[in-house]
Amino acid sequence: MSSATGPASGLPVRMPRPRQPGRHRRPEPLAAPEGAPALVLVVPGTPGAATRSLAEEVVSIARSELPGLDARIAYLDGDETEFPTLQAVLTHAAEERTARYEQAKAAGLDVKEPDGPVAVVVPLLAGPDGALLRRIRQAVMDSRIAADLTDVLGPHPLLAEALHVRLSEAGLARADRARLFTVATAADGIILASVGGEEAVQAAGITGMLLAARLAVPVMAAALDQDGSISAVAEQLRDAGSQQLALAPYLIGPEVDPGLVEEAAKEADCSAAEPLGPYPAIGKLALAKYTSALGITPPQPQGTPVR
């Protein structure tokens, strides 16, 4: 029996469960550490307005994922005015870091003299290209600036997702394999076109296996920069039963002349999707290379379902 002051003695008292603080709150986003090195995205190929727009979109995605990130763009074949070279960008980053330290010291602040790398250089490449990577490495050495050079962006499941999206945008693949509809022009065999020789073909093949699992069609990698590679792979796919092929460039875009992709599609007698370009995964993977080099752990890049 209950009284005006509560339940009768001996009866269980039902108490409200305490609310856990922050249980339904989103975690605070990770910010770039104070004084962290700059992320320098080095862009291969002939620079131009389209290349700059692509690179700016990639670094914008990276900045949105890591507030406070100092992200800069350098061009492997740049100039000293409109398209800064890698050496120029690294030198400028080093000068700015020294100037900040001197200003803080002059202001009487107790600051530690900067050490460690000035920048982390991330090549804007989906796969390995020995010739381009040697040039990037040499440019870092010639600058005489302490900088870390990361690996290329792939292979990675997010690149398979990006390839799937580009194929579906071109009408060469179903946007969602779970939906029960077909695309009349959907390919039943994919040629994954890379540059960088045999090493690049092998690396592209790893992402190709992931793409094949998404599309449930055979995918084979071939080299744009090796005579006969594209036609040989096209023949293998047709011999295996594929009737309608598609070319998927395993490229960001600036690293090759667009004419190479067009010629390869003609060689294989098939349609081609667009290069990966500034797909959101590219910026996320560039940031992941940067944070991995620094040993910090932001939220892992997640893919989005293809619709």
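Helices H4 and H5 are oblique to each other, since their axes meet at an angle of about 55° (under 35 degrees is roughly parallel, over 145 roughly antiparallel, 65 to 115 roughly perpendicular, the rest oblique). The model is predicted, and local features need pLDDT of at least 70, side-chain atom pairs pLDDT 80 or more, while totals for chains, interfaces and linings use all residues. Residues are numbered from 1 along each chain, and side-chain values use heavy atoms, without hydrogens and water.

**Helix pair H4 and H5**
- H4 covers residues 157-169 and H5 residues 197-215, with the axes 8 Å apart.
- Their crossing is right-handed (the near helix is turned clockwise from the far one by less than a right angle).
- Residues of H4 in contact (heavy atoms within 4.5 Å) include Leu-159, Leu-163 and Leu-167, and those of H5 include Leu-210, Leu-211 and Arg-214.
- By class, this contact holds eight nonpolar, two polar and two charged residues (Ala, Val, Leu, Ile, Met, Phe, Trp, Tyr, Cys and Pro are nonpolar; Asp, Glu, Lys and Arg charged; the others, Gly among them, polar).

**Sheet**
- An open, parallel sheet is formed by four strands in the order E2-E1-E3-E4.
- E2 (71-75) and E4 (147-149) each have a single partner strand, so one side of each lacks a neighbour in the sheet.
- Strand E1 (residues 38-43) is joined to E2 by five bridges (pairing takes at least two DSSP bridges).
- Val-40 has Arg-72 in E2 as its bridge partner.

**Thr-51**
- Thr-51 is part of helix H1 (residues 49-65).
- Its relative accessible area is 12%, so Thr-51 is buried (under 20%, with a 1.4 Å probe and protein chains only).

Technical notes. Axes are lines fitted to C-alpha atoms, for helices over the stretch in contact, and angles run from 0 to 180 degrees between N-to-C directions. Helices (H or I, at least four residues) and strands (E, at least two) are DSSP runs, numbered from the N terminus. Buried means under 20% relative accessible area, exposed over 50%, partly exposed in between (1.4 Å probe, protein chains only).
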